[in-house]
Amino acid sequence: MKMTYGREKRLLLGLLAFVAPLPLPFNELLGWPTLALYLAAVGLFLHRARRDEERWLPLWASNLAAVAYLPVFLLDLQAGMSGVVVRPVLRLGLFAVAVKLFSLRSERDKWHALFGVFFLFLASVATSVHLTVTIYVVVFLGLALLVLARFALLHLLAGFGWREGRPLRVPLGRFVAAVTVATAVLAVPLFAALPRVSTPFVRGPIGGGGRGGGSVTGYSDQVNLDSIGRLRENREVALRLEFAGEPPGELRLKGGTYERFRSGRWLPSPYVRRGASRSERTLTLGSGTVVGQARVFRMPLAAASLPLPVETLRVSPIDRHANLDRGGGVHLPRRIEDPLEYTVELAAAPASAAVDPEVGSDAATLDLTGVTPEMIDLAATVAGTAPLGEKARRLERYLIDNYEYTLDLVGRPGDEAIQRFLFDDRRGHCEYFASALVLLLRSQGVHARLVTGFLGGERNALGLHVVRQSNAHAWVEAWIPGEGWRTLDPTPPSGRPDAAGGVGALRAFANLYD
């Protein structure tokens with residue numbers, strides 16, 4: 001069959017479109033059936049291009065397809081508002097590229113399709129954090145360079161009147177190979193050394209009404225199974241604390257609390273009251289003897305929650321419109337863009353302001369969504385027939401002793417993520433450990449919730465305790481009759497932020513500079 005320039009361009013473009021979204025199902029931002037449907041459409045396009053068929057969708061048919069897909073996208077987007085919004089956007093991108101491939105009536109259409117393909121490529125790379133994605137990047141880069149160079153050559157030849165047949169041989173292979181290898185040599189070490197960035201490429205609002213609203217940068221009120229794991233390399237300062245007297249033996253600061261687990265994402269506990277005194281601007285979280293005090297300097301965070309030491313009895317001054325959630329987390333009415341200073345009065349032991357499930361109905365902390373029969377069997381085997389307090393201790397110790405801490409699973413949340421963590425991967429980071437313990441506890445009738453905040457810190461030369469974004473952590477609160485809400489931390493000690501690394505010369509210099 002005679003090779004025309006248009007046919008060659010369509011084949012190259014179709015091949016690039018076929019490769020672009022391949023990593024997305026591994027990042028769990030796209031289902032395999034969706035990808036299979038897209039690849040089938042691209043395969044049909046390649047078949048038609050190989051046969052050099054010239055019948056393509058007219059403009060009115062493309063517009064009609066777009067109008068028909070609009071309600072599907074709106075429903076998809078509405079469903080994504082309670083989960084990951086990027087999924088409907090990616091599905092829209094796949095649909096747009098597929099339709100455009102069947103509408104290549106001019107050179108401009110080919111470039112439009114190429115831009116859509118590069119969008120899918122960027123989405124695949126931006127949602128991948130594992131080092132193996134560099135293989136995909138190298139392959140795609142080499143193919144993209146070949147396509148672009150070939151497009152430029154064919155455009156140049158067409159300008160001189162060449163329209164079909166075998167064009168002049170140009171040594172593009174060596175050029176593409178050399179550029180690809182050079183780029184990989186430079187990019188792969190950088191990707192390995194800097195796998196995450198503290199600021200995303202695109203900043204945008206999340207949530208609304210002030211709760212959880214704001215940028216996705218850094219510690220936030222939005223919690224899925226990788227939001228905290230991504231912060232482990234972020235050395236930006238989140239808080240500084242100045243204690244009057246001896247600090248607590250373990251510096252643990254509670255931020256938000258979460259009760260319902262939906263589609264790999266934890267939903268915040270609802271507000272129960274606005275507890276600040278209008279006259280003194282003081283919020284009381286518990287009763288007891290004050291044994292210490294601390295001044296907290298909170299840097300701007302992408303969260304409305306107010307991190308407080310778990311021993312906090314009272315905090316002041318505080319916005320009169322501050323809210324207390326059902327798990328005892330304190331929330332400002334809006335994000336604060338400037339540094340904030342407040343004082344906390346501390347008890348000798350944790351003082352939770354969470355709702356007592358024995359006093360009021362608190363079905364959310366026994367919600368079994370996400371609990372599988374395998375989890376129930378595992379929890380029953382590990383916990384045995386002991387009292388609830390001992391069951392909780394056994395389950396916590398089981399996760400600490402039998403599972404491995406790793407950040408390799410960052411970016412792989414999903415509906416079955418906890419099931420895979422417990423029975424297949426057997427490794428993960430703090431959100432996996434905490435989420436698993438919550439579900440295992442609930443399967444045994446123990447009220448439990450997930451808590452996020454910060455653990456540990458570094459003391460600088462001025463005596464201030466510096467808490468960084470990398471100190472972000474997730475743990476569990478479980479209700480034990482006769483004891484109240486108890487803090488459980490199933491993450492192995494090697495994976496807890498206050499145990500990550502020693503002081504070292506660089507860290508000492510950073511603390512001195514701070």
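**View 1. Leu422 and its surroundings in this predicted model.** Let us start with one residue. Leaving aside residues up to four places away in sequence, Leu422 touches Met375, Leu378, Leu399, Tyr403, Ala436 and Leu440.

**View 2. The largest nonpolar core, with 71 residues.** Helix H11, spanning residues 430–443, supplies the largest share of the core, 10 residues. Elsewhere, a second, separate core is made up of 35 residues, including Leu13, Leu29, Val42 and Leu120.

**View 3. Helix H10, residues 417–425, and its packing partners.** The buried residues of H10 are Ala417, Ile418, Gln419, Arg420, Phe421 and Leu422. What do they pack against? Their partners are strand E3 (252–262), helix H8 (373–383), helix H9 (388–402), strand E14 (427–428) and H11.

**View 4. An open sheet of seven strands.** Follow the strands in the order E6-E9-E12-E7-E2-E17-E16, and you will find that the pairing is antiparallel. Strand E6 (283–284) and strand E16 (458–459) stand at the edges; each has a single partner strand, so one side of each has no neighbour in the sheet.

**View 5. Strands E16 and E17 side by side in the pairing.** Here, E16 pairs with strand E17 (residues 465–468) in the antiparallel sense, over two bridges. To find your place, look for Arg459, which stands opposite His465 in E17.

Definitions and conventions. Residues are numbered from 1 along each chain as its sequence is written. This is a predicted model: local features need pLDDT of at least 70, side-chain atom pairs count only at pLDDT 80 or more; totals for chains, interfaces and linings use all residues. Side-chain values use heavy atoms; hydrogens and water are left out. A nonpolar core is a set of buried Ala, Val, Leu, Ile, Met, Phe, Trp, Tyr and Cys residues joined through side-chain atoms within 4.5 Å. Buried means under 20% relative accessible area, exposed over 50%, partly exposed in between (1.4 Å probe, protein chains only). Helices (H or I, at least four residues) and strands (E, at least two) are DSSP runs, numbered from the N terminus. Contact means heavy atoms within 4.5 Å. Two strands pair if DSSP finds at least two bridges between them.
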